[in-house]
Amino acid sequence: MKILFADFNAEARRLFAENMKRYGTAEVLEAANGEDTVQEILRSDPDVAFIDAWLPKLDGLGVIHAVRRMGGKYITRPQFVFINYEGTANLFAEASKAGASYCVSKPFDYRELWKIAD
């Protein structure tokens with residue numbers, strides 16, 4: 001399984017990768033902003049993409065919209081997991097409408113994230 005984690009915080013990316021590998025993920029890719037996230041999805045074709053809501057250059061909703069608009073396999077791939085600190089219902093509803101399969105609030109339990117990805 002190939003997972004992409006997009007978050008502007010380098011420490012958050014490191015912790016995510018460390019924890020997902022502990023649970024058996026073969027490959028964890030990283031991106032620090034929305035534009036790089038879209039490019040990494042095109043380049044690496046991850047199975048699951050965990051996307052922070054507040055990415056620089058292109059926010060999490062923008063990433064999901066950009067990828068889903070590409071059509072073809074990108075209508076359903078990758079599976080998006082939208083991440084936000086606030087967990088507001090409106091933002092999560094927008095993410096679901098845009099094409100996110102799951103919405104989770106920070107801080108999160110890595111074991112639960114692994115279950116979503118698996």
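This is a predicted model: local features need pLDDT of at least 70, side-chain atom pairs count only at pLDDT 80 or more; totals for chains, interfaces and linings use all residues.
Local features need pLDDT of at least 70 and side-chain atom pairs count only at pLDDT 80 or more, while totals for chains, interfaces and linings use all residues. Residues are numbered from 1 along each chain as its sequence is written, and side-chain values use heavy atoms, with hydrogens and water left out.

Let's start with the overall layout. The protein has 5 helices and 5 strands, taken as DSSP runs (helices H or I, at least four residues; strands E, at least two) and numbered from the N terminus. Along the sequence they follow the pattern β-α-β-α-β-α-β-α-β-α. The radius of gyration, taken over C-alpha atoms, is 13 Å. The globule rule (2.2 Å times the number of residues to the power 0.38) gives close to that value, 13 Å, for 118 residues, so the protein is as compact as a globular protein of that length. Of the 118 residues, 48% count as buried, meaning under 20% relative accessible area with a 1.4 Å probe, protein chains only.

Now look at one helix pair. Two packed helices are described by the angle between their axes and the distance between the axes. Helix H3 (residues 60-68) and helix H4 (residues 89-98) have axes, lines fitted to C-alpha atoms over the stretch in contact, that come within 9 Å and cross at roughly 15°. H3 and H4 are therefore roughly parallel to each other (angles under 35 degrees, on a scale from 0 to 180 degrees between N-to-C directions). Leu61, Ile64, His65 and Arg68 of H3 make the contact with Leu91, Glu94, Ala95 and Ala98 of H4, where contact means heavy atoms within 4.5 Å.

How values were computed:
Angles under 35 degrees count as roughly parallel, over 145 as roughly antiparallel, 65 to 115 as roughly perpendicular and the rest as oblique. Buried means under 20% relative accessible area, exposed over 50%, partly exposed in between (1.4 Å probe, protein chains only).
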